[in-house]
Amino acid sequence: MYRRYGPMLERRCRLLLRDDTLAEDAMQELVAVLLRRGETLREAESPYRWLCRAAERASLDLLRRGRRVRDALPLEDVDALGPAPGVDAEARRAVLESLERLEPDEQHLAVMLFVDGLTQSEAAEELGVSRVTVNKRASQIRLQLRLGLAAEPSVQEVPS
Amino acid sequence: MSHPNAITLEALALGESPAGAADHVATCEACRAYVERVRTEMDAPRSNVVPLVGRVEGAARRRRSRAFATVAVPFAIAASLLLVLKRPEAPAPIASTPSAPPSASATEEPLAMAAPEPGTRFKGGLSLAVVRERGGDQTRFTGAVPVRSGDRLRLEVALDRTEAILAAVLGDDGSWLELMAEGARDAGTHLSERSARVDASPTGGVIVVGRAEDVRRARATRDTRGLTTIRIEVEP
């Protein structure tokens, strides 16, 4: 499992934290999570996505805890892969360089939308909220990070 | 043209079969290039995270053999104490040991349990070791741990039965850092969830492990009786 997914998960932790030591801590947290709750991984549709979210939670927890001042590396040093097709490079950079300025739920959503390139519908499904909610939160994130992005067309709430 | 998201493409590169991704990649040059970059990244040199993870895996594999050691060693110590008690003229081996300054070679111990050193006490079926990481090298201590700025310490706690424990570092300056949260843990070897990083102006301290109420009492009173401890010494 580690041989298959480890390098990409490690890369993800470094990308989110921009600190080698903290990334190492996040990977250790991930291993601890696997040892404690690894059985749910077996039921996951995509083990990689499950592991990515676990690595992300571990990384963002460490970032929020902020007990140690991290020595943030330049993004270029931790981003050999670069953005995936369809991901706005400028927005991605803004999010990665400003994650600590966001609230916890905003951090996860910002990573999903602007780093991983999920659509609002995909993010809504994964978070278990409506797309309207995702759209509102995404607008707040854009405002907070002063992203000059064209917002996705807002959707009207449809009465159920 | 809309593309699969990054995680989907990466999953594909890692050998998973996300729905529709392979068909898209077959027709999309940009996504194909990204998948290739992921595969290249997979082959890139790795950091030193792997050995740390290896330790966890190794600890799990060693659990069975350690179970024997954690049961056998207390018996051996008890047998030794009986012999000492029966021969009062003989000096007690541990008490007569001079408290020499700790050194890596004296306290480093690859696998087997060593006799407790001064400052280290074992209670019941709990034994404690500290893994110190310095410049990418890891050294395991069962006695006092010499530290300097930049070192990282992680605990390795072996239990011979399910037990609720808490582990923390109590600094000589009153600082406090919990490395293993309070909770029940099964018999076996456990690495602490957190590691302690020695900051730029370190002070000595003591690592304490045991029942949560005893550990918290030690924080308030600095009385570590009944707890398993390892001393942290700052290198001159």
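1. Ground rules. Because the model is predicted, local features need pLDDT of at least 70 and side-chain atom pairs count only at pLDDT 80 or more, while totals for chains, interfaces and linings use all residues. Residues are numbered from 1 along each chain as its sequence is written, and chains are lettered from A and ligands numbered from 1 in the order in which they are written.

2. Chain A at a glance. You'll find 9 helices and 0 strands here, where helices are DSSP runs of H or I with at least four residues, strands are runs of E with at least two, and both are numbered from the N terminus. Read along the sequence, the pattern is α-α-α-α-α-α-α-α-α. Chain A has 160 residues, and 40% of them count as buried. Buried stands for 20 or more other C-beta atoms within 10 Å of the residue's own, exposed for 12 or fewer, and partly exposed for anything in between, with C-beta atoms placed from the backbone.

3. Chain B at a glance. Of its 236 residues, 33% count as buried. Take contacts (C-beta atoms, placed from the backbone, within 7 Å) between residues at least 6 apart in sequence: in chain B, 63% of them join residues at least 24 apart. For chain A, that figure is 60%.

4. Where the chains meet. 31 residues of chain A are in contact with 29 residues of chain B. On the chain A side, the elements that give two or more residues are helix H1 (2-17), helix H2 (20-37) and H4. By class, that side has 15 nonpolar, 5 polar and 11 charged residues. For the classes, Ala, Val, Leu, Ile, Met, Phe, Trp, Tyr, Cys and Pro count as nonpolar, Asp, Glu, Lys and Arg as charged, and the others, Gly among them, as polar.

5. The cores. A nonpolar core is a set of buried Ala, Val, Leu, Ile, Met, Phe, Trp, Tyr and Cys residues joined through C-beta atoms within 7 Å. The largest has 54 residues, of which Leu9(A), Ala26(A), Ala55(A), Val95(A) and Leu9(B) touch the most other members. Helix H4 of chain A (residues 47-65) gives the most to this core, with 9 residues. A second, separate core of 32 residues includes Leu153(B), Val157(B), Ile165(B) and Val215(B). Back in chain A, if you leave aside neighbours within four places in sequence, Val95(A) is in contact with Ala110(A), Val111(A), Phe114(A), Val115(A) and Leu145(A).

6. A helix pair worth a look. In chain A, helix H7 (residues 104-115) and helix H9 (residues 131-144) pack at about 95°, with their axes 10 Å apart. Axes are lines fitted to C-alpha atoms, for helices over the stretch in contact, and angles run from 0 to 180 degrees between N-to-C directions. H7(A) and H9(A) are therefore roughly perpendicular to each other, the label used for 65 to 115 degrees (under 35 is roughly parallel, over 145 roughly antiparallel, the rest oblique). Glu106(A), Leu109(A), Ala110(A) and Leu113(A) of H7(A) meet Val134(A), Arg137(A), Ala138(A), Gln140(A) and Ile141(A) of H9(A). That contact has 6 nonpolar, 1 polar and 2 charged residues.

7. The sheet in chain B. Five strands make an open, mixed sheet in the order S3-S10-S9-S5-S6; strands pair if DSSP finds at least two bridges between them. S3 (145-147) and S6 (176-185) of chain B stand at the edges with a single partner strand each, so one side of each has no neighbour in the sheet. The twist averages 15° from one strand to the next.

8. Around S5(B). S5(B), residues 163-171, runs antiparallel to S6(B), joined by 7 bridges, with Ile165(B) opposite Gly183(B). The two form a hairpin with 4 residues between them, and Gly174(B) in the turn has a positive phi of about 90°. S5(B) also pairs with S9(B), again antiparallel, over 6 bridges, and there Leu170(B) stands opposite Val206(B). Helix H6 of chain B (residues 212-221) lies across S5, S6 and S9 (205-210), running at about 15° to S5(B).

Methods
Two residues are in contact if their C-beta atoms, placed from the backbone, lie within 7 Å.
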